[in-house]
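Ready for a few exercises on rings, charges and backbone angles? Try each task yourself before you read its solution.

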Amino acid sequence: MEYANHLNEYVAAPSVEEVAREAAALREAAAENHNADVYRFCYSAIDLTTLSCNDSTASVSAFAERCMEFYTAYPHIPNVASICIYPSFVETVGLVVDGSPMRITAVAGGFPSSQTFLEVKMLEAAMAIENGADEIDIVLNAGKMLTGAYDEAANEIEVLRAESAGTVLKVILETGALKTPELIRKASLLSMFAGADFIKTSTGKIDVAATPEAAVVMCHAIRDYHERTGRRVGFKAAGGVRSAEDAALYYTIVERILGREWLTADLFRIGASSAANNLLSAIEGREVKFY
């Protein structure tokens, strides 16, 4: 399907200077959200992540078991939204979380570079879902975006959307590679045109991960898309979100640009590992090293 021509139906991206000014204002506004209630919600929006080259069945199983222990260790705090792992570990996590409300997120589609055959991406997503994944995180092909092959990039998402029917599909833009507000806005809109349920900042695997500036551009694109179509698409910040204050900043960006109706785990996520302990410490008012 042709998607690029629909970009002309939307206003152009803001300038770098406009984005910087808005991000600076939101950093100041975020101070209002440095409190336990916001931190508690942010914790419940985490996709708790292990995506290491030394992951193993034993280590991922232990990671999932620790996550399950949280339900009894901290019954007054809602648990994380999902456990995020490589697709080969979906069944491993499923055995641990079976019978709980915990969701399983699998990265797929040639994560983290998206540089493989489309057929391989399709099979990887399909196998992850067959093994029990509730949510699939794929990566938009940054190479195609950088060379102007917008329809090719969007059509890959369309195919993977069809392959992932019945699951939540998050599309990672890798905003640190796209760099400019113009390309980040185009990538956001194209992903939504092609059926993304969420758009996500980053893989966490390149030098520049999530930034408030990229989040501002993405959230404005989500708002504009919703105003035109009526469909709500979620936002996920991932890569470099480490402190409770980082989480509160992304919460504030979503709150101020998209509105409080986006502040649910169905529309807002944080991809994190180290942030979990830091949020718990901020909630409890003491150092916590649960993970």
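**Exercise 1: the loop around a proline**

Ser 114 counts as buried because its relative accessibility is 2% (buried means under 20% relative accessible area, exposed over 50%, partly exposed in between, with a 1.4 Å probe and protein chains only). Before you go on, note that this is a predicted model, where local features need pLDDT of at least 70, side-chain atom pairs count only at pLDDT 80 or more, and totals for chains, interfaces and linings use all residues. Residues are numbered from 1 along each chain as its sequence is written, and side-chain values use heavy atoms, with hydrogens and water left out.

Task: find where Ser 114 sits, and say which residues the cis peptide bond joins.

Solution: 
- Step 1. Look in the loop between E3 and H5, the place of Ser 114. Helices (H or I, at least four residues) and strands (E, at least two) are DSSP runs, numbered from the N terminus.
- Step 2. Check the backbone: phi of Ser 114 is near 65°, a positive value in a residue other than glycine.
- Step 3. Now find Pro 112, which is in the loop between E3 and H5 too. A cis peptide bond joins Phe 111 to Pro 112, with omega at about 5°.

**Exercise 2: ring pairs**

Task: work out how the rings of Tyr 74 and Phe 290 are arranged.

Solution: 
- Step 1. Start with the search of the whole structure, which turns up 10 aromatic pairs. Rings of Phe, Tyr and Trp (its six-membered ring) pair if their centres lie within 6.5 Å; planes under 30 degrees apart count as stacked, over 60 as edge-to-face and the rest as tilted.
- Step 2. The centres of Tyr 74 and Phe 290 are 5.7 Å apart and the planes are at 80°, so this pair is edge-to-face.
- Step 3. Zoom out: ring pairs link Tyr 43, Phe 70, Tyr 74, Phe 290 and Tyr 291 into a cluster.

**Exercise 3: charges over rings**

Task: which rings do the charged ends of Arg 228 and Arg 232 sit over?

Solution: 
- Step 1. Use the rule: NZ of Lys or CZ of Arg must be within 6 Å of the ring centre and within 35 degrees of the ring normal.
- Step 2. Arg 228 has its charged end over the ring of Tyr 10, 4.8 Å from the centre.
- Step 3. For Arg 232, the ring is that of Trp 262, with 5.3 Å to the centre.
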